[in-house]
Amino acid sequence: MSKVQEVADVVIAGRAKLAADAVQAALDEGCEATDILNAMIDAMGVVGEKFKNNEIFVPEMLVAAKAMKKGVDVLKPHLAAGEVGAMGKMIIGTVVGDLHDIGKNLVAMMIESAGFEVIDLGVDVPHERFVEAVRTNPDVKIVGLSALLTTTMPALRDAVALLNQQDFRKNIKIMVGGAPITQEFADEIGADAYTADAASAAQKAKELVG
């Protein structure tokens, strides 16, 4: 089995302790850093599919993302600047009034694993903060907003409305998600995309910038 395949297998198995060594072994054997990165991104795609098919659950997804993170840390010095975030930048945050972050963190990890650079604004994010973040990072391609409570759905609506009024709106895609959110609600508030889980979010993010 090739060393690159071994790296992919370690990520799929979520063996974070072995990931760094596996990446180093592949580099020592002369494998291209980009090939190793792409193998890890593909591996997370496999993990995402398994999650969608209920073959694995959130804990397994988290350990796989952690394994990838450890691998990427070893790989970073060997990659050209920007390769790690080759798909572009994404801003993510939970809307004002909502303090839930597990779902958002999982989405951020999966999207990072898909090759994006993620700017995480955290939880309880005021609407204006999303706008400021795009202005500070004009090369951002996607803004992801999450609401995990029915009571914070109006805040999500308002945050998207504010983003929709900005002059940069044509340059970004808006993704929304969270337990009470539906495709209908996303359409109604003027978002570009809705996904039901973290694995689908990573897939959708790739489609949006593709």
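Let me start with the loop between β2, residues 116–120, and α6, residues 127–136, because that is where Asp124 is found, and with the reminder that what we are looking at is a predicted model. Asp124 has a positive phi of about 55 degrees although it is not a glycine, and at 35% relative accessibility this residue counts as partly exposed.

Which residues of α2 are buried? They are Ala16, Ala19, Ala22, Val23, Ala26 and Leu27, and when you look down the axis of α2 these buried residues fall within an arc of 135 degrees, so they line one face of the helix. As a general point, an α-helix has 3.6 residues a turn, so residues three or four places apart point the same way. The buried residues of α2 pack against α1 (3–13), α3 (33–52) and α4 (58–75), whereas the face turned away from the buried side carries the exposed residues Lys17, Asp21 and Asp28. After α2 comes Gly30, whose phi is positive, near 95 degrees.

From there I would like to move to α4 and α5, whose axes come within 10 Å and cross at roughly 45 degrees, and which are therefore oblique to each other. The crossing is left-handed, and the contact is made, on the α4 side, by Val58, Met61, Leu62, Ala65, Lys66, Met68 and Lys69, and on the α5 side by Leu106, Met109, Met110, Glu112 and Ser113.

Finally, staying with α5, which covers residues 102–113, I would point you to Lys104, which is found in this helix. Is Lys104 buried or exposed? At 3% relative accessibility Lys104 counts as buried, because the cut-off for buried is under 20%. If we leave aside residues up to four places away in sequence, Lys104 touches Ile92, Gly93, Thr94, Asp120, Gly122, Val123 and Ser146.

Technical notes: Residues are numbered from 1 along each chain as its sequence is written. This is a predicted model: local features need pLDDT of at least 70, side-chain atom pairs count only at pLDDT 80 or more; totals for chains, interfaces and linings use all residues. Side-chain values use heavy atoms; hydrogens and water are left out. Buried means under 20% relative accessible area, exposed over 50%, partly exposed in between (1.4 Å probe, protein chains only). Helices (H or I, at least four residues) and strands (E, at least two) are DSSP runs, numbered from the N terminus. The arc is that of the directions from the helix axis to the C-beta atoms. Contact means heavy atoms within 4.5 Å. Axes are lines fitted to C-alpha atoms, for helices over the stretch in contact, and angles run from 0 to 180 degrees between N-to-C directions. Angles under 35 degrees count as roughly parallel, over 145 as roughly antiparallel, 65 to 115 as roughly perpendicular and the rest as oblique. A crossing is left-handed if the near helix is turned anticlockwise from the far one by less than a right angle, and right-handed if clockwise.
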